[in-house]
There are 2 protein chains.
Amino acid sequence: MATPAYDQLLERYAEIKDLEGAQSILGWDQEVMMPAGGGAARAHSMASLAGVLHAKRTAPELRKLLGSLKRGRAKLKPRERRSLELAQHAVDKASAIPARLATEIAHAESAGLEAWRAAREARDVRGFVPALERMVGLKREVAALRGKPGKLYDPLLDEFEPGATMAEIDPLLTELKELTVPLVKRVVASGVKPNMKPFVGRFKVDAQRAFAREICLAMGIDPERSRMDLSTHPFCGGVAPDDVRMTSRYDPRDTRGGLFGAIHEAGHGLYEQGLDARRARTPLGGAISSAVHESQSRLWENNVGRGKPFWTYWARKLRAAHPQLKGLSVDKIVAAANEMRPSLIRVEADELTYNLHIVLRYEIERDLIQGELEVRELRDRWNTNMSEMLGVTPRHDTEGVLQDIHWAMGLFGYFPTYSLGNLYAAQFMATARKQIRGLDGRIAKGDMEPLREWLRVNIHRHDQVYTAGQLVKRVTGAPLSVDAFRTYITAKVDALYH
Amino acid sequence: MATPAYDQLLERYAEIKDLEGAQSILGWDQEVMMPAGGGAARAHSMASLAGVLHAKRTAPELRKLLGSLKRGRAKLKPRERRSLELAQHAVDKASAIPARLATEIAHAESAGLEAWRAAREARDVRGFVPALERMVGLKREVAALRGKPGKLYDPLLDEFEPGATMAEIDPLLTELKELTVPLVKRVVASGVKPNMKPFVGRFKVDAQRAFAREICLAMGIDPERSRMDLSTHPFCGGVAPDDVRMTSRYDPRDTRGGLFGAIHEAGHGLYEQGLDARRARTPLGGAISSAVHESQSRLWENNVGRGKPFWTYWARKLRAAHPQLKGLSVDKIVAAANEMRPSLIRVEADELTYNLHIVLRYEIERDLIQGELEVRELRDRWNTNMSEMLGVTPRHDTEGVLQDIHWAMGLFGYFPTYSLGNLYAAQFMATARKQIRGLDGRIAKGDMEPLREWLRVNIHRHDQVYTAGQLVKRVTGAPLSVDAFRTYITAKVDALYH
């Protein structure tokens, strides 16, 4: 039964969510609309808004309220208890970092980005080492405030994947690595090199964009509650569920980034649009975790968008969008959409090798935070692991250890969620295929509604009522494992690289 | 000399300005970018942000700080004193309305808008009378808290035109009316009806937009620090001076709204871009008043953009933008740009009759607030005055007293600033013409830089260092009067309607 204290919690939370919504739109505007000159003023506005939010999230009245609710837990319904748990988690996260440390991190981030950019310019990680050492030190301090000794990486992982621990993800990612390395070797040994004509050449950007938009709408994106724009780095933001903002970018010489990027972001967008509006301003509102979010984008991008059923319908429209593709077969498009080969750059990697890029980063950042690797050993470790796992070696650090912005910004604990997302995606998709009669046939007729609806009913509409662990068991009957992905990716390699 | 208390004031003010900047971008997004579904979430975000700002503006610590600074006034430099005065004014404004009254006004506004829309639908003001009575009553309450008995309109005017009073603007607007009524009669009696072909017909929207953009850039709008977009109601917003956002809208059958609207908003935009970035986060930062802002838009739209020098240069480009205008003379364009005729709708009125629409609204809203007119007498008063001043009578209230949204939203005190803006524009322009050698010749060569620079140096860059009254004396050597406008508009009527 709701109590006056619980109502007060909801009221405070609604204000926090409202201000987070403001923050999100300002962030979107900054990437998509803001003129170059607006940067300084925006930085001030964002900082002041962040300050207000921090004060609201750590307000003594809120903590008192949570304390009193916890003492009266017995009076609350299960969902209210879950709500309380989420609110407490958010307060703990916000309160863990003292103002002094938060300021130091903000400075380390600016300094880190600057050093990272300069080091990239010089193609040499050494200029970035001192700044990164400082950042790792600060992140270890943060972790020590929230975590257990010997498990410093866990609280950082928890920022993006609530409740996840090294103990849980280590075996999964190790198994994923052991599955993938020999598969990559098989791909290379097969000597198969798909003809890339379906996606590489000269393509009109307007036609690319219209084609991608048509697919996103067919996936079920509601245009009355969303926008699709352009930005340098594609993302999905806005305010769920009724003001979702997706972006993509289109390259006239290679359509894959724009097309699969748009499908990917629309996968995120469907999750956001599928959340329950009635919960949006409560602690239960919002996506569960980065990995579950990523499962939705990857499922559409890879499991659906690179599949034969999908192209059975969309090949005709692709050919219509780009007349030079006249006569191209579905099989040729599918082969090109699934080009696999070891490469140096994560964001350009295919579905198979991508996970090795992630495992490499995960192991490195885990060891840095755990104190088992020194920043100055970074380049050697990176290059050795690249060569062992993927058989390629960077010619310089800009195509090696300097390629991602994450560590410069202090984002430790984020990388593994990409691969966990792939595992969730495969496991959800395998279940959907069992539960939806004739799913592939429907997709091959251009009908993606049954899948979207299955995802909405089973995943999206529950917001954070369940943890990621509870959800995957509830939906698929089993905890997260590599099994479904193994079956899926092995079949793909068998079919295309033999 | 700056004191620690003064530094604290600056710090608090910077935060307030940062959050106001966030509010402004969210407002822009709402009008220009937001998908239809985003309305509810945006209303929540805006309300919560407004709540935060209200708390910051009325914080007891801020009031205490201002009190202590006032006691130590002697130690402050003149600009710091002005800064203090502006900060105190803002605090007084924010604090004047108790929470209970603010809530009632918010409700009256929602109810007022709903009743106004329904009454417009029915074309009958009577359905709107009770809601408007409630709003007038609440606004009188607000005014009573801030103003002097018998002068209730003054504090409402002060919201938009700081320091202005009825005693000051009454004679100006009366003189403006007495100047205009006979001029309108002369225009009508002349029988002159310009051929509207330069602006009315069939025009490509893309070409209209590109032409307007070229003019705005030539005026000196810096594209690195601004955007120009489309919206239903053109406006200029964003964050001054480095992220200014202007909008316009283009009608394929009549190019005047889009073209002169874009020039008008670019006039506002130049003011915003000309403000001093170093003051942006201080109490001195920002535009002086609504009327001074409007003077900048009107000066460019009317005094420049409808003038013969302007079209001497731009006629060629207008003809190039719309090939059907081939061979059209500068004089024909100028005649059409200055079409004058009595009409019913303010936003479609020409430069001459526009001021009568304003005087009519000013006299009515002043009398409503002063308690000298009852809301139920509104329609009669409106229709009688329209007929007396402009010689036209609405067929129904939607083209009469219900045409503007202002009163339904509780915006009393805003209307007169439009006409005051016209007076300021004429007075500034007359001075500029004296001080810039060969100004019209420069404009006739497409060179608008000397005028823009003169406005920047004399008006824009001073932010709120001077009051409107101080500024106009400083720049033109005289207080605001009807004289310059009389000379300007009489010459125009003489030239075109004889």
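Student: Which residue stands opposite Thr247(A) in β3(A)?
Tutor: Asp229(A) does. Keep in mind that the model is predicted.

Student: How many bridges join β1(A) to strand β3 of chain A, and do they run parallel or antiparallel?
Tutor: There are 5 bridges, and the two strands run parallel. Strand β3 of chain A covers residues 243-248.

Student: What is the strand order in the sheet of chain A?
Tutor: The order is β1-β3-β2, with 3 strands in an open sheet. The pairing is mixed.

Student: Which strands stand at the edges?
Tutor: β1 and β2 (236-239) of chain A. Each has a single partner strand, so one side of each has no neighbour in the sheet.

Student: And what is the average twist from one strand to the next?
Tutor: It averages 20 degrees.

Student: Switching to the interface. How many residues of chain A are in contact with chain B?
Tutor: 30 residues of chain A, and they contact 30 residues of chain B.

Student: Which elements of chain A give two or more residues to that side?
Tutor: α1 (4-32), α2 (39-57) and β1 (226-230) of chain A. The largest share comes from α1(A), with 8 residues.

Student: What classes do the residues on that side of chain A divide into?
Tutor: 14 are nonpolar, 7 polar and 9 charged.

Student: Now helices. At what angle do α8 and α14 of chain A cross?
Tutor: Roughly 140 degrees, and their axes come within 10 Å. α8 spans residues 166-190 and α14 spans residues 354-370. The two are therefore oblique to each other. α8(A) passes α14(A) in a left-handed crossing.

Student: Which residues meet there?
Tutor: From α8(A), Met166(A), Leu173(A), Leu176(A), Lys177(A) and Thr180(A). From α14(A), Asn355(A), Leu356(A), Val359(A), Tyr362(A) and Arg366(A). By class, this contact of α8(A) with α14(A) has 6 nonpolar, 2 polar and 2 charged residues.

Student: Over to chain B. How do the axes of α16 and α19 cross?
Tutor: They cross at roughly 25 degrees and come within 9 Å. That makes α16(B) roughly parallel to α19(B). The crossing of α16(B) and α19(B) is left-handed.

Student: Which residues make that contact?
Tutor: Tyr424(B), Gln427(B), Phe428(B) and Thr431(B) on α16(B). On α19(B), Val472(B), Val475(B) and Thr476(B).

Student: How many charged residues does the contact of α16(B) with α19(B) have?
Tutor: None; it has 4 nonpolar and 3 polar residues.

Terms used:
Residues numbered from 1 in each chain as written. Chains lettered and ligands numbered in written order. Predicted model: local features only at pLDDT ≥ 70, side-chain atom pairs only at ≥ 80, totals over all residues. Contact = placed C-beta atoms within 7 Å. Helix = DSSP H or I, 4+ residues; strand = E, 2+ residues; numbered from the N terminus. Nonpolar A, V, L, I, M, F, W, Y, C, P; charged D, E, K, R; others polar. Pairing = 2+ DSSP bridges. Axes fitted to C-alpha atoms, helices over the stretch in contact; angles between N-to-C directions. Parallel < 35°, antiparallel > 145°, perpendicular 65-115°, else oblique. Left-handed = near helix turned anticlockwise from the far one by under 90°.
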